[in-house]
Amino acid sequence: MDFFSAMHSGLVSAGWPLWLANLVPPLVKALILLLFILLNCTFLIWMERKVAGHMQRRMGPMRLGPHGIIQTIADVVKLIAKEDVIPAGVDRWVFVLAPIVAFAPAFAVFMVIPFGPNLIAQDLNIALIFIAALTSFVVISFLMAGWSSNNKWSLLGAMRASAQLISYEVPLVISVASVALLAGSLSLQDIVRAQSQSFWYILVQPIGFLVFLTASLAELNRSPFDMSEAEQELVAGYNTEYSGMRWAIFYLTEYANLITFAAMASTLFFGGWSGPGLPPFVWFMIKVYFFIFLVMWIRWTLPRVRIDQLMDIGWKGLLPLSLVNLAFTGIYVLLR
Amino acid sequence: MGRFLAEIYKALKSAALGLKVTVKNLFSPAITLQYPDERLDLPVGFRGIPVLLSDAEGNLKCTSCELCARACPVQCIEIQSHREEGRKLKVLDVYNLDATWCMYCGLCVEACPFDALAMSDQFELADYDLTNLVFDRDRLAEIGRRQVTETINFGIKTGGAATR
């Protein structure tokens, strides 16, 4: 990006040491992304409650601000003001680190997401592998939280979550691989450009998209696959013992992952920032919010599946589907 | 293979049906009432606390006949009155209704021969102090004047026809 290289050379010519000048642009980018995540998560939590409410013919939050728009801010203030509880008997360090381990990779993924033709923190040529690797980190944080809590619900929730995440990682990555085959690149920016020059990949990858959507719902721990925090069985799963800001970070991570998923879905299958008329960033946000709405819509419609059904769907349903899809995509690419 | 595809089709179809239901409800108006700001239209025959009604001049219609106190199964009504020289009607001195005892049966209203008592539309009686829940003559009369719902055939006397 021109702005950041100009900033860098400006700092160097102003006499800053090179290592410090090298440090500034990435930090500014990280801050912008963090701000983006925080703003959107604040809005998304409100949106989720509104969508949930209206789907049940309720209203959702109404009291704070017009239609309760600042409800989330009030909630955050409440969470910050809460006592920092570390229950007796927990594995202290692991317990404290788990939310951070959860949030850091969710945040780092935003580095490679293309918000526009030039609006990307770092256009990695292995972006898809990078995302797949980082999103798998969630398993570790869930296990850390579940194990360190020294609580049967937490441990059960974490065990379920890790079983689920590891199973669904496989079809997810395979369905993403077929998109990479089509575009001939692992860089998200290249995938978007390839789509804007030809067509949206949803047209040739409907099965791939279906697998991607289902596996993502499981990866996001969202209903109908919210086994890890199945309230009726497990209280709150791995974050049963968490409260206050630590819990809020888990919550934030969940919504950051939701944004990541929506960005991935629109980038891989729906042309990312490309689109007629409107500026690229606006197109991108429209698509992202459409997918976020879709996920919320599914969450408040479908009931939770059982744990054995979950494994069935993952291994006996999605995996063969995605493999067949990959094979056909390969043949298509060869014959093209 | 055929069964596998049929199951996928079934899953997609039922999911789509469910999604249709929720999106239909999403765009239907909410049925929530924002309670302190908006209030439910009380149904005919609603029985709030019994109140004393006044006539057009603002005088209580009560004649201190004590039929309501006698009719009350929990004896929560206390009436004291005296006669004055040259006046045919008794003068009502005390009319205490203990809302902590009252069970809102409406028998007092039914017993009243002068339509001087009515089941009101007041139901927000919560208080931190129990003694405030003993409603005296003046408070009952005041609530009776605030009465917005038509009370002429209010309470259990209602024949079922809408009063509004």
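In the predicted model, I77(B) stands opposite L97(B) of strand β3(B). This pair belongs to the contact between β2(B) and β3(B), two strands that run antiparallel and are joined by 6 bridges. Strand β3 of chain B covers residues 91-98, and its pairing with β5(B) is also in the antiparallel sense, over 2 bridges. L97(B) has F135(B) as its bridge partner in β5(B). D98(B) is partnered by V134(B), again in β5(B).

Strands of a sheet pair through backbone hydrogen bonds, in either a parallel or an antiparallel sense.

Chain B also meets chain A. The contact involves 12 residues of chain B and 10 residues of chain A. On the chain B side, 6 of the residues are nonpolar and 6 are polar, with no charged residues.

Chain A is divided into two parts, domain 1 (1-60) and domain 2 (82-335). Their centres, taken over C-alpha atoms, are separated by 20 Å. Contact between the domains of chain A is made by 13 residues of domain 1 and 12 residues of domain 2. The domain 1 side of this contact has 10 nonpolar, 1 polar and 2 charged residues.

Helix packing in chain A was examined next. Two packed helices are described by the angle between their axes and by the distance between the axes. Helix α2 (residues 18-55) of chain A packs against α11(A) at an angle of about 100°, and their axes are 9 Å apart. The helices α2(A) and α11(A) are therefore roughly perpendicular to each other. From α2(A), the contact uses I37(A), N40(A), C41(A), L44(A) and I45(A). From α11(A), the contributors are L252(A), Y255(A), A256(A), L258(A) and I259(A). By class, this contact of α2(A) with α11(A) has 9 nonpolar residues, 1 polar residue and no charged residues.

Helix α11 of chain A, residues 244-269, also packs with helix α12 of chain A, residues 280-299. Here the angle is about 120° and the axes are 8 Å apart. That angle makes α11(A) oblique to α12(A). The crossing of these two helices, α11(A) and α12(A), is right-handed. On the α11(A) side, the contact residues are L258(A), I259(A), A262(A), A263(A), A265(A) and S266(A). These meet F284(A), K287(A), V288(A), F291(A), I292(A) and V295(A) in α12(A). The residues of this contact divide into 10 nonpolar, 1 polar and 1 charged.

Methods: Residues are numbered from 1 along each chain as its sequence is written. Chains are lettered from A and ligands numbered from 1 in the order in which they are written. This is a predicted model: local features need pLDDT of at least 70, side-chain atom pairs count only at pLDDT 80 or more; totals for chains, interfaces and linings use all residues. Domain bounds come from an automatic or database domain assignment. Two residues are in contact if their C-beta atoms, placed from the backbone, lie within 7 Å. Ala, Val, Leu, Ile, Met, Phe, Trp, Tyr, Cys and Pro count as nonpolar, Asp, Glu, Lys and Arg as charged, and the others, Gly among them, as polar. Axes are lines fitted to C-alpha atoms, for helices over the stretch in contact, and angles run from 0 to 180 degrees between N-to-C directions. Helices (H or I, at least four residues) and strands (E, at least two) are DSSP runs, numbered from the N terminus. Angles under 35 degrees count as roughly parallel, over 145 as roughly antiparallel, 65 to 115 as roughly perpendicular and the rest as oblique. A crossing is left-handed if the near helix is turned anticlockwise from the far one by less than a right angle, and right-handed if clockwise. Two strands pair if DSSP finds at least two bridges between them.
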